[in-house]
Amino acid sequence: MEVVDVRPILAPFVSFLCAGLVFGFGRSIFWRRFFTFLAAFIKVALVLSMLPGTLQGVVYVYQFVEFTPGIGIGFRADAYGMFFALVSSTLWVFTTIYAIGYMRGDRDRVRFFGFFALCVSTTVGVAFAENLLTFFLFYETLTLCTYPLVVHAETPEALRAGRIYLTYTLIGGGFALVGAVMTLNAAGTLTLAQPGILGLESGVATLAVIFLCLIIGFGVKAAIMPLHGWLPIAMVAPTPVSALLHAVAVVKVGAFGVTRVIYNVFGVELLQQLGFATPLALLAGFTIVAASTIALTQDHLKRRLAYSTISQLSYIVLGAALLTPLAATAAVLHIANQAFAKITMFFVVGAITRTTGKKYVSEIDGIAARMPWSMAAFTIASLSFVGVPLTAGFITKWYLALGALQADAWWFVLVLIASSLLNAGYFFPILHRAYFRPAKEPWPPLEPGRRFEMPKTLLIPIVICAAYVLLLGVTAEVPGMPFSVAQVAVEGFFAPPGIGP
Amino acid sequence: MLLFGLDLDYVAVVMLFCVGLYMLVAKSNLLKKLLGLNVMETAVFAFIVTAGMVEGGDPPIMVAGTSAPFASPIPHAMVLTGIVVAVSVTAVALALIVQIHAHFGTIEIDELKELP
Amino acid sequence: MRPWPLLLVLLVALPLVAGVATLPPHDAPDAPIHTQVGARYLERGVAETGMKNLVTAVLLNYRGFDTFIEVVVIFTALAAVLALPKGSAPVPKGSAPVPKGSAPVPKGSAPVPKGGPQAPEPAAGSAARAARAREEERPEVASDVPVSPVVRFVVRLLAPFIAMFAVAMLFRGHITPGGGFQAAAVFAAVFIALGLALGQARAARLVPVDWRPWLQGVAPLAFALVAWIGWRLTGAFLGYPSDDHTAQEAMGFVLEVAIAVGGGVILARVFLEMET
Amino acid sequence: MSDLFDIVMLALLIATAITVARARDLLAAVVIFSMYSLTMTLVWQHRGAPDVAMTEAAVGAGVTTVLFLITIARTTRREKP
Amino acid sequence: MTGPWAEALPWVIALPLVGAALTPAVAVRRPRAAGFWAWGVLLVTAVLAAGLVSELLARGPFSYELGGWPAAYGIELRFDHFSAWVLPLALLFVVIVPFSWRYLDHVMPDERRPPFYALLLLNAGGMIGFCVTGDLFNLFVFTEVVSLSSYALVAVGGRGLAAFAALKYLFIGAVSSLLMLFATAQLFVLTGSLNMAEVSLRLAEVGGGTAVMVAFAAYAVSFMVKAAMFPVHVWLPDAHAIAPSPVSAVLSGMVVKVGIVGMLRVYQIYYGAEVLELGAFNLALVWLGAVSIVMGAFFAIFQDDIKLMLAYSTISNIGYIVLGLGLASPYAVIGASVHVFNHALIKATLFLAAGSIIHQTGFRTLSDLRGVARAMPQTSAAMAIGAVSIVGLPPTAGFVCKWYIALGAFEANQAPFGFALVFGALFIFIYYIRMLNAFYFQKPVHAAVAQASETPWSMRGPVVLLASLCLILGVLGGIPLTFVEPAVLDLLPLWGP
């Protein structure tokens, strides 16, 4: 059931407006914070207010303007988009709190918070995009808006990272554009509809080129293996940006795009006939294992997390590529699960760097004594990635395994097991060093008058996110929690033609 | 008047055009280039006038003493306009050449190109 | 001779020859150029425009708009010459023309200093006054070429007659060959001859400084005026009342005079600007 | 007769044009160019275009030449080889 | 059939021209008043143009017979959908002229302002006439007004090099105009008429032939020179870089479009007549366009001077337009036509922003201008938006055309050119990202740059306005389509490979 509603466009617009206000009045710390928080909360409220409808199968749509005859900039909040929008708008609140603490005293904060808001705006825009053109518009805008954040430090190293980031993502964007154009040419429409808009009549060769272009286009941001090069390098950005890049905005947009391509551009049936999904699944499987293996060798904390991200993102891609309902559920869920767990980790690593100046795994011996809350949160996130029951990660892995079996892809269960072992292999040493190794030198003492290990603006987001990881794992079946939204979304993907979500 | 199947008047016009073009591209002196441009312009005008003439025609002035056939008046009007345009372009070009000479002390392209 | 210009010329020449070779023969009375629009002008031009010289009829009436734009083009040339930077000192040189073998300014030498012989740039608001002042300060003989008394005498003697010739050409333009543009060129030639023979300051006084801004633009303005009158009278921009020969002649006359005066002043000013 | 006049005139035109191109003395080139223009005037007069001929005589051969002469006076007279 | 606004058609041309003729007289006491006068004249012109466009939208294309003579016997003005370009053209002038008021302070003394503004008005009037006229010879005369004023405008800013660049421009431009006159004469000899519609009809009767083809080729070469396509672009970079910035904006944004509009007019004549098989020519256009895109970008990469960089990007962007025209599929031609306007807008933004920076700091190379964004945040933001836009990244005006042309390339089954277009644009981004990095993320090397102040509002206003338009038109990409689509759909049945 489609309902015309202005909220799908208001949600991205709120943070867009916020960005404008921050650029305009952001020199005053108060107004900058005021606008950012106000927008963040309004946005969460807007998205949440659509949630009940979504759970009942309502899709909110809003056509903004015509761009080409028949193709406009349109917004459409279906269950999958809602899921993604929920994740990103919630995490914007936490990241903002964290960023205020983290960036305290840093320069160019107006620019930082302005572009931060723009990034979130475009992310939600991607989530609610009604057609590939709208999707692409926001996708590319996101690329541009992240650039100033990546090079924020303005060091030669940061500029180099920015250049590499842009090179990868813009070339990817070029492929996405070509793919979108070819899709329009072949299908006559770009609407991200059920059950896909392309048909066999376009010819297998054309379809193959379209698939390739779109997957390369969105796969760059999803960091599928040969296209992942930008991500570890982009780690020079400030930690809130890394968190945003890795957990919320950029990479998830890529994974989201891949899913959209598979389910809403091609559709399950067509892809099953064509068989294009299998090579993608294999590639994703390879990425999972290979990236985890590389992560084992990284000493730099953020780089290790980056390779972990590359590996985790491919879970989503793989879940989508298996083309079974259970695997798809896992893929959708993993967007949230990975986001919360990974953002917790980045927050912790950022806090460690901010408090002690340490950046390498080998330097953090015994840090748990100095930063008990943080390391507890980190532990929870690690367990989630390894897939220990009662954490969010377990749900993903469970459904992925079920979905793989549903698709007769038994080999994937092996990948899953290997990946879990590897995850344990690169996270547990960190925990081991933090908890069980004696400190090489005494940690800097607490600042006087402070009860907790670091400023509350840093600590609160960490604790909440870690708690949420647990919550997601425990409350899978509670209505209104992400799991139920994911189920609605997946029902949509696999609904027979004509019924629609 | 035909020669080898070619209209001699037109061919002469093209030759003039080419001489002008040669001056324009091959000469290094800016004034020579401008002269070449003027030769080209005149050639095109000659082409237009030639096209407007008629065998044994009189000027298109309807007074006693002229009789049909008349040359077509439109090409003449076109060329009149063209001549005025040409002199305007020439005037601007000459003013620029004077400036170039005042600034660089030369009006040879070869030398101007070597200046920093 | 460098080879590539020849090659380029050949490359251009071939298509041009091919193009003109396949045109219809140029002096045949049945060529399209004589049977289409031209035929109507020859047939009905005199009756429709009241001008016996059909070239003038085409210029001022049928295709009067072209002529409007054409006078705009010469006005553009003047504006261009006026807008160019002035006052850069000329490279030191002997009497013009420069003797053989005079070397250009050596490479790498400092650019010619600005300012030069002219007065410093005047402040806003006084530009007109400054311009007039400059006119008056101009030396009697600006040309570097010494002019013999005989030439001066002859020029002075002939100038009024040549000018009269131009005026005659102007007034009879609708019957005989000639018209505004030719008159303008002759006016300008007289002016230039006077300027070369008597010195620019004397010649410059022929066109008063205060009038120049108006006179140089008089041709486009007259066209706009006539176009407006035609619009009011006939409902068409630059339309001539077809039945009223007096009005036709009057409008044509205004245009011819304006072209002659405006064009002449413009050419004269271009000459003055280039001489300074 | 008419043809002969044409041929002579066209030959003269081309000859003067080439001479303009070859003259090293710019003053000479300009003077020859004005001759070229006057020849052109004759051709046009002969072809039934007296208006154009007069304009070319006054503007092409007259004003243009004078402007060129002024320029030569203010720049240089010799073309560098 | 025609409404009251149709009467304004000749006046929209005459007004700026007469305004130019009056400028020296108006400004005789106060030379600076010339700027206000020119602005007022252009404002009224823009109002007239808006009226004409409203007439066009209400009743479709209309003609005006000058002097009351039937179309073929007099001169016909024709306002069709391509002529609608006069409205944005006049509006851009209205925005650019206020910028020049203060900008000229460091370019020329006050006493030279009246002729400068007269030239600007002549340029505007010439271009308006060029877009509106329905007569081939009239087209030539207007070309000369535009060209002559452009040569002079290039030279007004400096002494030696500016004059040299202008003269180079003049020589090449004059040859191109001559070719145009030659082609016009040939068509006249062939058909006995100068009216475009009439020529087209008569050409159909005359049929093809070498002369028809040579005339077409002469037109094509002539307009390619005016549009600065790759092999004949040599005049452009110096001229556009050395001119004062408002002039650069006019030249780069609008004057080169004379070549494109002219090309469209010639297409209208020839396609209407159906006398030539133009598939091969279209293919040549496509290749030339692609090469222009790449070569323009390639040269630009090595430039340190920001204005030279922008000048080279004009060659690239003209490449887009020509590529679109050559592809000859509806979307591609629509994209090309839309880009005629969008590129003008973007180029004006960039040149005015660059001009502001040069005006305030006195430096014009990337290495000197490091860190200027902190001193001039708004101007630099405009520059950034312009840079993103000219590369064709969303959400800016530049993307709209890239989208259409890419769509057209695949529509015409010319996939390789679609790829070339999309990725060629990214190639261009390399040099703009260098510029943005220098402006935003590098430390100033000159105190003058670090301490520069923002421009006065008469300069900043236009820049900010243009930059916001770049963004707005990126989102509301459908607006220019209203004008372009009917024209293209009218033309296309005759087009096609």
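Read along its sequence, chain D follows the pattern α-α-α, and, since this is a predicted model, please take everything I say about chain D and the other chains as computed. Chain D has 3 helices and 0 strands, and its C-alpha atoms fill a box of roughly 45 × 25 × 10 Å when taken along the principal axes. Of the 81 residues in chain D, 59% count as buried, and among its contacts with a separation of 6 or more, 49% are between residues 24 or more positions apart.

Let me move now to chain A, and to one helix in it. Helix 17 of chain A, residues 392–406, has 15 residues and reaches 22 Å from its first C-alpha to its last, which is close to the 21 Å expected at 1.5 Å a residue. Its buried residues include Phe394(A), Ile395(A), Tyr399(A) and Leu400(A), and also Lys397(A). What covers the buried residues of helix 17 includes helix 13, helix 14, helix 16, helix 18 and helix 19 of chain A. Just after helix 17, Asp408(A) takes a positive phi of about 60°.

Finally, where does chain A touch chain E, and which elements of chain A give two or more residues to that side? In the model, 24 residues of chain A are in contact with 21 residues of chain E, and the elements in question are strand 2 (59–68), helix 5 (132–150) and helix 6 (156–187) of chain A. The largest share, 12 residues, comes from helix 6 of chain A. By residue type, the side of chain A that touches chain E divides into 16 nonpolar, 4 polar and 4 charged residues.

Definitions and conventions: Residues numbered from 1 in each chain as written. Chains lettered and ligands numbered in written order. Predicted model: local features only at pLDDT ≥ 70, side-chain atom pairs only at ≥ 80, totals over all residues. Contact = placed C-beta atoms within 7 Å. Helix = DSSP H or I, 4+ residues; strand = E, 2+ residues; numbered from the N terminus. Nonpolar A, V, L, I, M, F, W, Y, C, P; charged D, E, K, R; others polar. Buried ≥ 20, exposed ≤ 12 C-beta atoms within 10 Å, placed from the backbone. Expected span 1.5 Å × (residues − 1).
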